[in-house]
Amino acid sequence: MSLSWIQKILTRKKKKDVRLAFYGEVNAGKTTLANKIANDLGYADLGPVSEIPHETRKVLKLENAQLEKDGVEVNFTLLDMPGIASTVDYRNFVKFGLTESEAIQRAKEATKGILEAIKMIDQVDIALVILDSTKVPFEQVNLTILGNLQLQNIPLIIVANKIDLPDSRPELVRQTFSGQTTVAVSAKTGDNVDELYDAIIRSS
Ligand SMILES: Nc1nc2c(ncn2[C@@H]2O[C@H](COP(=O)(O)OP(=O)(O)O)[C@@H](O)[C@H]2O)c(=O)[nH]1
Ligand SMILES: [Mg+2]
């Protein structure tokens, strides 16, 4: 992939700092997508990915991702947020094989992380709202995230993720949030991530 989209961000708005945040429900693929973008920028992964919910419990930052191209410099900051959830039940983690005390600790950290993610909304330039497109999109968590972002006038892009899976329904996501920019991708395979870069440019 070329990095021309970053150049376009720079030349269009001459914006030196772009703080790009990854919001969404738990296990939507936020960290997978953040890692993919970090790798495209030439950086290492921001953090680990897991099928156990609430793997990301602190905001993961890739700060000062310096990009110098044709004499232009940018500080690109990726903010991979803890997954938002309406309930955090430690018993779910026990099902994944954690001990009870590990599960309780994880639940405590996850709850703190959700608050941290919501508090940081006002520091964000562009929010990606990542959804698992194999799931029903019209869901309380997604509505809460969108409502909070809209309240603060943060430009947002809905990312219908996991289109590599056979039961993915990105069209349903698009229809559900028809007023919003929606891009369907697979963070895992990288499919269609280029289109997401175009959407980021248009929002910046
Ligand atoms: N098939 C598929 N799985 C994905 C994709 N993105 C993430 N996953 C998986 O979904 C799970 C949660 O991913 P993660 O990035 O940790 O989600 P997060 O909680 O939103 O940060 C992991 O098992 C990932 O491998 C994708 O595009 N396709
Ligand atoms: Mg994560």
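In this predicted model, the shell around ligand 1 divides into five nonpolar, 10 polar and six charged residues. The shell comprises 21 residues, of which Gly29, Lys30, Thr31, Thr32 and Lys188 come nearest to the ligand. Helix H2, spanning residues 30-40, supplies the largest share of this shell, namely three residues.

Lys30 is also in contact with Gly83, a residue of the loop between strand S3 (72-80) and helix H3 (90-95). Gly83 counts as buried because 26 C-beta neighbours lie inside 10 Å, where 20 or more are required. When residues up to four places away in sequence are left out, the contacts of Gly83 include Gly24, Glu25, Val26, Asn27 and Ala28, as well as Pro53, His54 and Thr56. Gly83 and Tyr23 are separated by 60 residues in sequence, yet their C-alpha atoms are 6.9 Å apart in space.

Tyr23 belongs to the largest nonpolar core, which contains 47 residues. Together with Ala21, Phe22, Leu78, Leu128, Val129 and Val159, Tyr23 is among the members that touch the most other members of this core. For Phe22, contacts beyond four places in sequence are made with Lys30, Leu33, Ala34, Leu79, Asp80, Met81, Leu128 and Ile130.

Helix H4 comprises the 20 residues 100-119 and reaches 29 Å from its first C-alpha to its last, close to the 28 Å expected at 1.5 Å a residue. Within H4, Arg106, Ala107, Ala110, Gly113, Ile114 and Ala117 are buried. These residues lie on the same side of H4, because they cover an arc of only 130 degrees around the axis. Such an arrangement can be read against the α-helical repeat: with 3.6 residues a turn, residues three or four places apart point the same way. The cover over the buried residues of H4 includes strand S1 (17-24) and H3. Ser101, Leu115 and Lys119, on the other side of H4, are exposed.

A division into buried and exposed residues is likewise found in helix H7, which spans residues 193-203. Here Leu196, Tyr197 and Ile200 are buried. Their arc around the axis is only 105 degrees, which places them on the same side of H7. The face turned away from this buried side carries Glu195 and Asp198, both of which are exposed.

Key
Residues numbered from 1 in each chain as written. Chains lettered and ligands numbered in written order. Predicted model: local features only at pLDDT ≥ 70, side-chain atom pairs only at ≥ 80, totals over all residues. Near = placed C-beta within 6 Å. Helix = DSSP H or I, 4+ residues; strand = E, 2+ residues; numbered from the N terminus. Nonpolar A, V, L, I, M, F, W, Y, C, P; charged D, E, K, R; others polar. Buried ≥ 20, exposed ≤ 12 C-beta atoms within 10 Å, placed from the backbone. Arc of directions from axis to C-beta. Contact = placed C-beta atoms within 7 Å. Core = buried A, V, L, I, M, F, W, Y, C linked by C-beta atoms within 7 Å. Expected span 1.5 Å × (residues − 1).
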